[in-house]
Amino acid sequence: MEASFAGKRGLVLGVANRRSIAWAIARRLAEGGASLAFTYQGERIEKGVRELAATVDAPLVTACDVRSDEDLARVFGEVGETFGGELDLLVHSVAFAAAEDLEGRFTDTPRDRFWMALDVSAYSLVASARLAEPLMAAAGGGSILTMTYLGGKRAVPHYNVMGVAKATLNSSVQYLAWDLGSKNIRVNAVSAGPVRTLSARSIAGFPTMESIVEERSPLRRPIDADDVGAAAAYLLSDEARNVTATTLYVDSGYHAMGM
């Protein structure tokens, strides 16, 4: 039986197109009865995001630059107005590193692009959680979910600075969970195996990552965005009411293997 999100209000950050993991998660939430707001990054993807949002009758679609505190404050203000000052769910599926830093050597990452990757991919969760806190507290609690990857725990060739950003994100999940737990706000992460998304295309050797996981994982099969959506729906649902500060791996078991 799928989790029920009837009456729940959520904000989804990070939908780029219909192949996005964020969209797979959003679709699950909407099918369960949630009312969802969406953000988009830049005019280039606005039309596509608006079209997807319309299929789930989203009451709010708005631009968001997660590197801007002012922009984030505006977005959460709009969310508060849309949902009567309350919020139950926050999906954070935002990450970025320059394409040239996802090939070659991590050692050669320049300072400005290092901080950009950490700002977009990790600090944006902290800033979003801080703004979601009063809305979720008003709702009696809430659930925050972010997307991480094994490259934040182990060195994955070509993942480079994004791995360092995910390591920062992983730790942030735990500290946020501690800070917000007293207000019945849970913070968790899903660590997905390789999924063919828009962002995955920028990682050098992505097909190799896919084939290795399929060959060496215990289940010996690839995963897709719907697998991630199902796991995310569990963590966001009331069924996981005592699960927080946790990373759930959806990678056919690959994370457990030594070779």
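These questions and answers go through selected helices, loops and residues of a predicted model.

User: At what angle do the axes of helix α3 and helix α4 cross?
Analyst: Two packed helices are described by the angle between their axes and the distance between the axes. Here helix α3 covers residues 69-82 and helix α4 covers residues 111-138. Their axes come within 10 Å, and the crossing angle is roughly 35°.

User: Is the crossing of α3 and α4 left-handed or right-handed?
Analyst: The two helices meet through side chains that include Leu72 and Phe76 of α3. On the α4 side, Tyr123 and Leu131 are among the residues in the contact. The way α3 passes α4 is right-handed.

User: How many residues in the contact of α3 with α4 are nonpolar, polar and charged?
Analyst: α3 supplies Asp69, Leu72, Ala73, Phe76, Val79 and Gly80. α4 supplies Tyr123, Ala127, Ser128, Leu131, Ala132 and Leu135. Asp counts as charged, and Gly counts as polar. The division is 9 nonpolar, 2 polar and 1 charged.

User: Which side chain makes a polar contact with that of glutamate 133?
Analyst: Glutamate 133 sits in helix α4. Beyond four places in sequence, glutamate 133 touches Leu180, Lys183 and Ile185. The polar contact spans 2.7 Å, and the partner is lysine 183.

User: Asparagine 160 and arginine 220 both have positive phi; is asparagine 160 buried or exposed?
Analyst: Asparagine 160 has a phi of about 45° without being a glycine. This asparagine belongs to helix α5, residues 160-180. Its relative accessibility is 12%, and the cut-off for burial is under 20%, so asparagine 160 is buried.

User: And is arginine 220 buried or exposed?
Analyst: Arginine 220 is not a glycine either, and its phi is near 50°. Arginine 220 lies in the loop between α6 (206-216) and α7 (225-236). Exposure requires over 50% relative accessibility, and arginine 220 has 56%, so the residue is exposed.

User: How far does α7 reach from its first C-alpha to its last?
Analyst: α7 has 12 residues. At 1.5 Å a residue, the expected reach is 16 Å. The model is close to that, at 16 Å.

User: Which backbone nitrogen does a side-chain oxygen of aspartate 224 approach at the start of α7?
Analyst: Aspartate 224 directs a side-chain oxygen to a backbone nitrogen at the start of the helix. The pair comes to within 3.1 Å. The nitrogen belongs to aspartate 226.

User: What covers the buried residues of α7?
Analyst: Buried residues of α7 include Val228, Ala231 and Leu235. The cover includes one helix, α1 (21-31). It also includes the strands β4 (89-92), β5 (142-148), β6 (185-192) and β7.

User: What separates the C-alpha atoms of valine 250 and alanine 192?
Analyst: Valine 250 is in strand β7, residues 247-250. Its relative accessibility is 13%, so valine 250 counts as buried. Its contacts include Ala192, along with Val228 and Ala231. Though 58 residues apart along the chain, the two C-alpha atoms are separated by 4.8 Å.

User: Which residue's backbone nitrogen lies 3.2 Å from a polar side-chain atom of serine 237?
Analyst: Serine 237 is in the loop between α7 and β7. With 1% relative accessibility, serine 237 counts as buried. Apart from neighbours within four places, serine 237 contacts Ala3, Phe5 and Arg186. The nitrogen at 3.2 Å is that of glutamate 239.

How values were computed:
Residues numbered from 1 in each chain as written. Predicted model: local features only at pLDDT ≥ 70, side-chain atom pairs only at ≥ 80, totals over all residues. Heavy atoms only, no water. Helix = DSSP H or I, 4+ residues; strand = E, 2+ residues; numbered from the N terminus. Buried < 20%, exposed > 50% of the residue type's maximum accessible area, 1.4 Å probe, protein only. Contact = heavy atoms within 4.5 Å. Axes fitted to C-alpha atoms, helices over the stretch in contact; angles between N-to-C directions. Left-handed = near helix turned anticlockwise from the far one by under 90°. Polar contact = N/O pair within 3.5 Å; in protein donor to acceptor, adjacent residues only side chain to side chain. Expected span 1.5 Å × (residues − 1).
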